[in-house]
Amino acid sequence: MRLPLLALLARGPAHGYELKQDLEQLLGSAYPQPNVGQIYVTLGRLEKSGLIEGEDVEQSSRPNKKVYHLTDAGREALSAWFEETEDEPRVRDEFFMKLALAPRNHLADPIALINKQRRQYLTTMRNLSKLAAAEDRDNRIAHLLIEGAMLHLQADLDWLERCQEELEELE
């Protein structure tokens with residue numbers, strides 16, 4: 001959450017609730033929505049680390065609000081983040097660990113595990129399809145997020161099929 005908040009603040013000063021609304025509008029309902037408390041805690045940490053600065057702004061009919069802006073150190077951290085690539089292979093997959101250990105300890109049937117996981121992926125795929133249909137057509141970012149999740153799920157379903165074929169050959 002830290003770096004996405006910095007990226008939003010790169011456009012200009014904002015307070016926590018505005019940042020929450022910006023994230024919701026940008027990502028749509030497919031992305032888990034952060035609560036405003038989480039955003040303010042993160043903003044406090046970013047301020048302590050010198051990546052942003054906050055300024056209290058008086059309001060006549062409401063309590064003061066704190067508006068945050070990016071510091072030079074925040075801009076540097078943000079630039080470094082955009083330069084990084086994501087290279088996390090999914091070798092630490094919890095499901096695969098269960099699948100690998102099931103035949104060794106006879107606590108679970110590997111094929112039953114695969115079938116259960118397949119049903120979960122298919123349920124998630126149906127839910128994402130419903131979400132895509134309900135999402136605002138103009139929010140292309142949200143639709144790309146949903147499409148990416150569905151493509152990952154399809155790859156996971158294909159991989160489950162491959163696992164099942166391998167396990168059946170071992171029997």
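The following paragraphs describe a predicted protein model, from its overall form to individual residues.

Residues are numbered from 1 along each chain as its sequence is written. Because the model is predicted, local features need pLDDT of at least 70, side-chain atom pairs count only at pLDDT 80 or more, totals for chains, interfaces and linings use all residues, and side-chain values use heavy atoms, with hydrogens and water left out.

The protein chain contains seven helices and two strands; these elements are DSSP runs numbered from the N terminus, with helices being H or I of at least four residues and strands being E of at least two. In sequence order the pattern of the protein chain is α-α-α-β-β-α-α-α-α. The protein chain is more spread out than a compact globule, because its radius of gyration is 22 Å, well over the 16 Å that the globule rule gives for 171 residues. That radius is taken over C-alpha atoms, and the globule rule is 2.2 Å times the number of residues to the power 0.38. The C-alpha trace spans about 75 × 35 × 30 Å along its principal axes.

Of the 171 residues in the protein chain, 30% are buried. Here buried means under 20% relative accessible area, exposed means over 50%, and partly exposed covers the values in between, with a 1.4 Å probe and protein chains only. The protein chain exposes about 12,000 Å², of which carbon and sulfur atoms supply 52%; the areas come from the Shrake-Rupley method with a 1.4 Å probe, and for residues only the protein chains shown count as cover. Contacts (heavy atoms within 4.5 Å) can also be sorted by sequence separation: among those between residues at least 6 apart, 57% join residues at least 24 apart. As for charge, the protein chain carries 21 positive and 30 negative side chains, and the centres of the two sets lie 6 Å apart. Lys and Arg count as positive and Asp and Glu as negative, while His and the chain ends are not counted; each charge is placed at NZ of Lys, CZ of Arg, CG of Asp or CD of Glu.

The aromatic side chains come next. A search of the whole structure finds three aromatic pairs, where rings of Phe, Tyr and Trp (its six-membered ring) pair if their centres lie within 6.5 Å, and planes under 30 degrees apart count as stacked, over 60 as edge-to-face and the rest as tilted. One of these pairs is edge-to-face and joins Phe95 to Trp159, at 6.2 Å centre to centre with 80° between the planes. Phe95 belongs to helix α5 (residues 94-105) and Trp159 to helix α7 (residues 140-170), so that distant parts of the chain, 64 residues apart, are linked. Phe95 is buried at 7% relative accessible area, whereas Trp159 is partly exposed at 31%. Trp159 also pairs with Phe96 in a tilted arrangement, 5.6 Å centre to centre and 45° between the planes. Since Phe96 lies in helix α5 and Trp159 in helix α7, this pair ties together parts that are 63 residues apart in sequence. Phe96 is partly exposed, with a relative accessible area of 38%. Phe95, Phe96 and Trp159 form one aromatic cluster.

Helix α6 (residues 110-134) holds Tyr121, which is buried at 10% relative accessibility. Beyond its neighbours within four places in sequence, Tyr121 is in contact with Arg90, Leu153, Asp156, Leu157 and Leu160. Arg118, likewise in helix α6, is buried with a relative accessible area of 17%. With neighbours up to four places away again set aside, the contacts of Arg118 are Leu157, Leu160, Glu161 and Gln164. Tyr121 and Leu43 are 78 residues apart in sequence, and their C-alpha atoms are 35 Å apart in space.

Two further residues complete the account. His143 sits in helix α7 and is buried, with a relative accessible area of 15%. Apart from residues up to four places away in sequence, His143 touches Ala132, Glu135, Asp136 and Arg137. Gly50 occupies the loop between α3 (36-48) and β1 (52-57) and is partly exposed at 32% relative accessibility. With residues up to four places away not counted, Gly50 touches Thr71 and Ala73.
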